[in-house]
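Please find below some notes on the contacts between the parts of this model. They are set out as numbered points.

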Amino acid sequence: MVAKLTRAERQFALILLGLMALCGLVMAAGANDDLFALHGGLILAVAVGLSFLVISGLDAPEPPPERLAEYYDAPSRVAIVLTMGWALFGLAVGDWVAWMLAYPHLTVDAAWASFGRIRPMHTTGVIFGFGGNALIATSFHVVQRTCRTRLAGQFSPWFVLLGYNLFCLLAVSGYPLGITQSKEYAEPEWYVDLWLCVVWVTYLVLYLRTLAQRREPHIYVANWYYLAFIVVVAMLHIVNNIAMPVAWNHSRAYSAFAGVQDAMTQWWYGHNAVAFFLTAGFLGMMYYYLPVRAQRPIFSYRMSIISFWGITFMYMWAGSHHLHYTALPHWVQTLGMTFSLVLLVPSWGSAANALLTLNGAWHRVRDDATLRFMMVAAIFYGLTTFEGSFMAIRAVNSLSHYTDWTIGHVHAGALGWVAFISFGALYSLTPALWGRQRMHSAWAVEAHFWLALAGTLIYVFSMWNSGVIQGLMWRTYDSGGTLAYSFIDTVVAMHPYYIARAVGGALFLAGAGIGAWNVWMTIRSPDTVSQPAGGDRPLTILAGE
Amino acid sequence: MFGLHYRLEKHGMALLLGIIFVTSIGGLVDIAPLFTIDETVEDAPDMRLYTPLEVAGRNIYIREGCYACHSQMIRTLRDEVERYGPYSLAVESKYDHPMQWGSKRTGPDLARIGGKYSDEWQVAHLIDPRAVVPQSIMPSYRFLSTTGLRTDDLGLHLKALSRVGVPYTDEMVTNATADAIAQAGADGSDGLTTRYGEATQARLFDGDPGKVTEMDALIAYLQILGRLTNAAHANSPPPGE
Amino acid sequence: MPETGHALTLLFAKGFGLFYLLALSVGTLIYAFWPGSGKRFDHAAKSVLRGEDQP
């Protein structure tokens, strides 16, 4: 990767890494608390490690100028490897905490190993580690192919990718140590948040500049979704994480918001992180890889645009459905509920658009497990958005809220939609980026597909059951008019479902393990196809074909 | 060539601005009115501040990620009010930076846990939940009773909280460390009660007269939950559902 | 008049929100169904299928 940079860019990288090492050193040496010092040390170590990498390639010959006429896929390749790594990590931690809930005594009796500290490692690992890297890998690939131009930066893609992974590393290493602000899905502390801001703004600028130098008159709709993902996540992240640090050298900070305002800000963030991180970004993925894999243009381009504005507009209003029957003013709850219901229209528009695109290519869906991943993703997207709108109805929410039904709903979306579309895209992308004709083992893709599907269904059904049962038990009265069940009765009733859930998670993890092996073997296996000379180029002649 | 590029660039920027415009409105409409809400919702003149020891305990609650399994928000539903107590009011979490309302009850709601169980019960339960509630699936927090509480930076914590709007006085900030140690001691101190009110609970929360531990702080926080103000109890009965 | 600020914000939030919802829907539909855009959309939809990964 270093050899592809010019000498000046390598020197620039070294200067940045030097600054980063200095920053880590100051954090470690000047820290007011031990945790801050530990993170300083970690930043220093990463900077030193990356510096060695750059120094080892410092004297490599200058890269040929012709490379600027080719697509820039090296960052996407590294991102794919990181995606699979984070998938295995995040899913394994998730399954671990799932077993912990079923058998609480089977754990290490140590501070770092308690559920509350490990659970955010799972959520951050899968959402930001796995999902985020998949989005970076595919967005870099898609924006170049649809704009028929090279990424508008040689160094900045690496800065975005590695900087983002440093964010994930700091976040995930912080939780077991006890560094968290306990804002759900926004747990990292203030200095980690600041770092993400820098990385994210670079990502936005890189993306906009690449769009600006495109050779297609129209910006393909997948880029709309990716762009919405990048810019709205920046807005959400910045607003929700405004905080006052205890001191510049202290790991703890206090959120600027309190109580009901904080709750609304938090769920405005939380709900729209789902909308723009886990939905818009992955819809961008779907709108490119699904038509390409099926070899059919998207069923209705118009519908994709109408859905785009619908989703962009309406999700923003819906966050308050997380706060039904709470101290949030009633009219805000009603507003959130109403928009959640209307939101079903653009959501189903997208799901139907995907499935109708496949209409006429069902033989491909039957034979090609990669395309089947994407089809199942579209189905789960439709199911989950329906369920989401349903659960936003106040009366339904009174039963489902605080129970495992929410967990089931989230995983129907995260496993069934996000992970399925990601694996589908990765199985399309990996052979393409390494110049292979197909994945190393078609059988392994099949095995992964069925394991993932079985795992998702077991997980979701067990959580639906446990959620509804617990919700009902909480509100059951005996004939004397008193509550029939103590809280612990309802915990006992969850036990079989917790075991089933952990089994489902294990199946899903096993599938991802096979997938990681398959990706690795595809990368490693010798070239079966003769490589086109000069690599993959965005020539204008193509546009005239 | 440059002219064309310029127009295309504008196109991308237009899309960007469109997205920003469209997405900002929903958030503004939802959130902005909440910042003028003080004018319409209940007020609680008796609302007291978290003491430095309770702030430290709250930080342990945050550090351990308790919100992942425990809510602090009793909804306006009959069964919740009967199970946990009067439904939560907005004013009760007005000093909570950030709020810990939570979204999942793997364990019960804690909004009114204060005073519900004795300190001894809390200590035994945190050390080994299954010794007290055999079917419990909560992790053990044994290490809290052996870990000394850091008190020397509590002044900084109070200062930061006052910067985001919690009305801590300079006097409270200056005495933060001493107040925390006094509250976890057997007798408390006059300064503590003058600053935070007569009702401030000062005792050996973990039952151990030795050092001030994280157990002391966490239990001090748990025992004040739902008791910062009496407003919720004074409220009319819940609407029911 | 202690309630004026909140009431005004609320009125603006709710009133403007509704107007904005309608205007945006109309705008989007006009854009999507504008007679000229059909060809552009078809071109864009097909553009991802050709020249895929060939130099």
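1. Across the interface of chain B and chain A of this predicted model, 27 residue pairs are in polar contact, both residues at pLDDT 80 or more. A polar contact is a pair of N or O atoms within 3.5 Å; within protein, one must be able to donate a hydrogen and the other to accept it, and residues adjacent in sequence count only if both atoms are side-chain atoms.

2. On chain B, the elements giving two or more residues to the side that touches chain A are α1 (2-31), α2 (52-63), α3 (78-84) and α6 (154-163). The largest share, 20 residues, comes from α1(B). Helices (H or I, at least four residues) are DSSP runs numbered from the N terminus. By class, this side of chain B has 38 nonpolar, 24 polar and 21 charged residues; Ala, Val, Leu, Ile, Met, Phe, Trp, Tyr, Cys and Pro count as nonpolar, Asp, Glu, Lys and Arg as charged, and the others, Gly among them, as polar.

3. The contact (heavy atoms within 4.5 Å) takes 93 residues from chain A and 83 residues from chain B. About 7,600 Å² is buried between the two chains, with carbon and sulfur atoms giving 66% of that area. Asp30(B), Arg75(B) and Arg83(B) supply 9% of the area that chain B buries against chain A, more than any other three residues. Buried area is the accessible area (1.4 Å probe) that two parts lose on being put together, summed over both.

4. Three salt bridges are counted between chain B and chain A, a salt bridge being a side-chain nitrogen of Lys or Arg within 4 Å of a carboxyl oxygen of Asp or Glu. Lys104(B) forms a salt bridge with Asp404(A), and their closest N and O atoms are 3.2 Å apart.

5. Chain A is divided into domain 1 (1-70) and domain 2 (74-428), with bounds from an automatic or database domain assignment. Their centres, taken over C-alpha atoms, are separated by 28 Å. In chain A, 24 residues of domain 1 are in contact with 20 residues of domain 2.

6. Between these domains of chain A about 2,100 Å² is buried, 74% of it from carbon and sulfur atoms. The salt bridge count there is zero, and eight residue pairs are in polar contact, both residues at pLDDT 80 or more. On the domain 1 side, α1 (7-29) and α2 (34-56) of chain A each supply at least two residues, and α2(A) gives the most, with eight residues. That side has 17 nonpolar, three polar and four charged residues.

7. Residues are numbered from 1 along each chain as its sequence is written, and chains are lettered from A and ligands numbered from 1 in the order in which they are written. Local features need pLDDT of at least 70, side-chain atom pairs count only at pLDDT 80 or more, and totals for chains, interfaces and linings use all residues, while side-chain values use heavy atoms, with hydrogens and water left out.
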